[in-house]
Amino acid sequence: MGRISDTDRTHNEEAIRAAMDRLLRGELPPGGRCDLKTLAAEAGVTRTGFYPKKDRDGTVREGPYQHLGDEFVRRLAALRQAGEMPDPRDAQIERLKAQNAELRDRVADRDETIEALIAFKKLALSRLAAQHDEIMHLRSPQPTPELPPPGKLTAIPGTRTAVIGTCS
């Protein structure tokens with residue numbers, strides 16, 4: 001491709017600056033992003049103009065619009081550092097990343113709580129089982145050792161059948 005004239009270059013630079021301002025204000029075309037590819041498409045220039053060129057002899061020279069591409073990247077970084085996101089998808093990605101991190105923390109906390117509750121349940125069940133065994137042991141008839149025949153025993157009267165009076 002041949003070289004462009006100075007007027008065409010000036011016209012292209014003006015178009016790039018106008019497109020740069022629109023993109024950085026958040027006026028993105030449908031399906032576009034806030035990047036060099038969309039900048040080139042909006043300005044009507046080829047994207048390769050934003051990157052360095054290599055001559056046939058191996059020397060590297062600056063692309064015709066590389067200084068504007070660098071300016072765009074700097075301004076975009078400054079906006080992001082200031083907390084502004086001209087691309088709503090980038091803002092959504094950041095919001096979803098933060099939400100994902102919060103949910104991971106909540107899941108980790110819940111996992112710890114569940115593990116603690118499972119350990120408590122296991123301990124409580126083992127204690128209940130031990131208490132049940134002790135109660136059953138105490139209720140079971142114990143084999144009594146052979147007692148010597150009693151000497152003097154007093155008989156305990158049986159239950160009363162007659163009501164003597166009320167307690168009130």
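A polar contact is a pair of N or O atoms within 3.5 Å; within protein, one atom must be able to donate a hydrogen and the other to accept it, and residues adjacent in sequence count only if both atoms are side-chain atoms. The exercises below begin with this term.

The model is predicted, and local features need pLDDT of at least 70, side-chain atom pairs count only at pLDDT 80 or more, while totals for chains, interfaces and linings use all residues. Residues are numbered from 1 along each chain as its sequence is written, and side-chain values use heavy atoms, with hydrogens and water left out.

**Exercise 1. Find the side chain with which the side chain of Ser5 makes a polar contact, and place Ser5 in the chain.**

Step 1. The partner is the side chain of Thr7, at 3.1 Å.

Step 2. Ser5 sits in the segment before H1. Helices (H or I, at least four residues) and strands (E, at least two) are DSSP runs, numbered from the N terminus.

Step 3. With a relative accessibility of 33%, Ser5 counts as partly exposed. The classes are buried for under 20% relative accessible area, exposed for over 50%, and partly exposed in between (1.4 Å probe, protein chains only).

**Exercise 2. State how many helices and strands the chain has, and give their order.**

Step 1. The chain has four helices and two strands.

Step 2. Read from the N terminus on, the order of the elements is α-α-β-β-α-α.

Step 3. For the chain as a whole, 17% of the 168 residues count as buried.

**Exercise 3. Trace the salt bridges of Glu71.**

Step 1. A salt bridge is a side-chain nitrogen of Lys or Arg within 4 Å of a carboxyl oxygen of Asp or Glu. The structure holds six of these.

Step 2. One partner of Glu71 is Arg17, with the closest N and O atoms 2.9 Å apart. This pair links distant parts of the chain: Glu71 is in helix H3 (residues 66-81) and Arg17 in helix H1 (residues 6-24), 54 residues apart.

Step 3. Glu71 also forms a salt bridge with Arg75, where the closest N and O atoms are 3.7 Å apart. Glu71 and Arg75 are separated by about one helical turn because they are four residues apart in helix H3.

Step 4. Compare the accessibility of these residues. Glu71 is buried, at 18% relative accessible area. Arg17 is partly exposed at 36%, and Arg75 is partly exposed at 32%.

Step 5. A network of salt bridges links Arg17, Asp21, Glu71 and Arg75.

**Exercise 4. Describe the salt bridge that Arg25 forms.**

Step 1. The partner of Arg25 is Glu27, and the closest N and O atoms are 3.0 Å apart.

Step 2. Arg25 counts as exposed at 54% relative accessibility, while Glu27 is partly exposed at 41%.

**Exercise 5. Which residues form the aromatic pair, and how are their planes set?**

Step 1. Rings of Phe, Tyr and Trp (its six-membered ring) pair if their centres lie within 6.5 Å; planes under 30 degrees apart count as stacked, over 60 as edge-to-face and the rest as tilted.

Step 2. Searching the whole structure gives one aromatic pair. Phe50 and Tyr65 form this pair, at 6.3 Å centre to centre and with 55 degrees between the planes, and the pair is tilted.

Step 3. Phe50 is in the loop between helix H2 (36-43) and S1, and Tyr65 is in the loop between S2 and H3, so the pair ties together parts that are 15 residues apart in sequence.

Step 4. Phe50 is buried, with a relative accessible area of 3%. Tyr65 is buried too, at 5%.
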